[in-house]
Amino acid sequence: MAGKVLKDRRIWILTLAVFVLLLLFFDRNNVIERIRLKNQIRDLETQRDYYRERIREDSLLIERLKDDDFLEKFARENYLMKRDSDVVFIITK
């Protein structure tokens, strides 16, 4: 009787192990796929935060560019624009 119980336990343990392996590695939602998707979600959330910050900075810049004095200063510094009477010297490091 004890031998039969031991054999039944082995069958159940083997069946359970096969089932767990199927779920962990061969299922459509396996562990490897879940880890990959979790990493992808983390990367996308990082990108989302970056672009939200860029949108905020650019929105502030657009508001500041509505001021004519700041617009002229911005154009001179970033796009090397000048008046006819100005002389521009570009100093590089």
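A residue is called buried when its relative accessible area is under 20%, exposed when this area is over 50%, and partly exposed in between, as found with a 1.4 Å probe and with protein chains only. By this definition Asp 86, with a relative accessible area of 23%, is partly exposed. The structure is a predicted model, in which local features need pLDDT of at least 70 and side-chain atom pairs count only at pLDDT 80 or more, while totals for chains, interfaces and linings use all residues. Residues are numbered from 1 along each chain as its sequence is written, and side-chain values use heavy atoms, with hydrogens and water left out.

The secondary structure of the protein chain consists of three helices and zero strands, where helices (H or I, at least four residues) and strands (E, at least two) are DSSP runs numbered from the N terminus. Read from the N terminus on, the elements follow the order α-α-α. The radius of gyration of the protein chain is 33 Å, whereas a compact globule of 93 residues would have a value near 12 Å; the radius is taken over C-alpha atoms, and the globule rule is 2.2 Å times the number of residues to the power 0.38. Along the principal axes, the C-alpha atoms fill a box of roughly 105 × 30 × 20 Å. Of the 93 residues, 4% count as buried. The accessible surface comes to about 9,400 Å², and 61% of this surface belongs to carbon and sulfur atoms; such areas come from the Shrake-Rupley method with a 1.4 Å probe, and for residues only the protein chains shown count as cover.

The protein chain carries 20 positive and 17 negative charges, whose mean positions are 15 Å apart. In this count Lys and Arg are positive and Asp and Glu negative, while His and the chain ends are not counted; the place of a charge is NZ of Lys, CZ of Arg, CG of Asp or CD of Glu. Side chains of opposite charge can pair when their charged atoms come close. The structure holds eight salt bridges, a salt bridge being a side-chain nitrogen of Lys or Arg within 4 Å of a carboxyl oxygen of Asp or Glu.

One of these salt bridges joins the side chains of Glu 33 and Arg 36, with an N to O distance of 2.5 Å. Because Glu 33 and Arg 36 are three residues apart in helix H2 (residues 31–65), about one helical turn separates them. Glu 33 is partly exposed at a relative accessible area of 27%, and Arg 36 is likewise partly exposed, at 44%. Helix H2 also contains Arg 54 and Asp 58, which lie four residues apart, about one turn of the helix. Arg 54 and Asp 58 form a salt bridge in which the closest N and O atoms are 3.9 Å apart; Arg 54 is partly exposed at 36%, as is Asp 58 at 34%.

A further salt bridge connects Arg 83 with Glu 72, the closest N and O atoms being 2.4 Å apart. Since Arg 83 lies in the segment after H3 and Glu 72 in helix H3, the pair ties together parts that are eleven residues apart in sequence. Arg 83 is partly exposed with 47% relative accessibility, and Glu 72 is partly exposed with 30%. A network of salt bridges links Glu 72, Arg 76, Arg 83 and Asp 86. Asp 86 lies in the segment after H3, and its C-alpha atom is separated by 31 Å from that of Ser 59, which is 27 residues away along the chain.

The segment after helix H3 (68–79) also includes Leu 80. Most residues other than glycine have a negative phi. Leu 80, although not a glycine, has a positive phi of about 55°, and this residue is partly exposed, with a relative accessible area of 47%.

Rings of Phe, Tyr and Trp (its six-membered ring) are paired if their centres lie within 6.5 Å, and planes under 30 degrees apart count as stacked, over 60 as edge-to-face and the rest as tilted. By this rule there are three aromatic pairs. Among them is the edge-to-face pair of Tyr 50 and Tyr 51, with 5.0 Å from centre to centre and 70° between the planes. Tyr 50 is partly exposed at 44%, and Tyr 51 is partly exposed at 49%. Ring pairs also link Phe 70, Phe 74 and Tyr 79 into a cluster.
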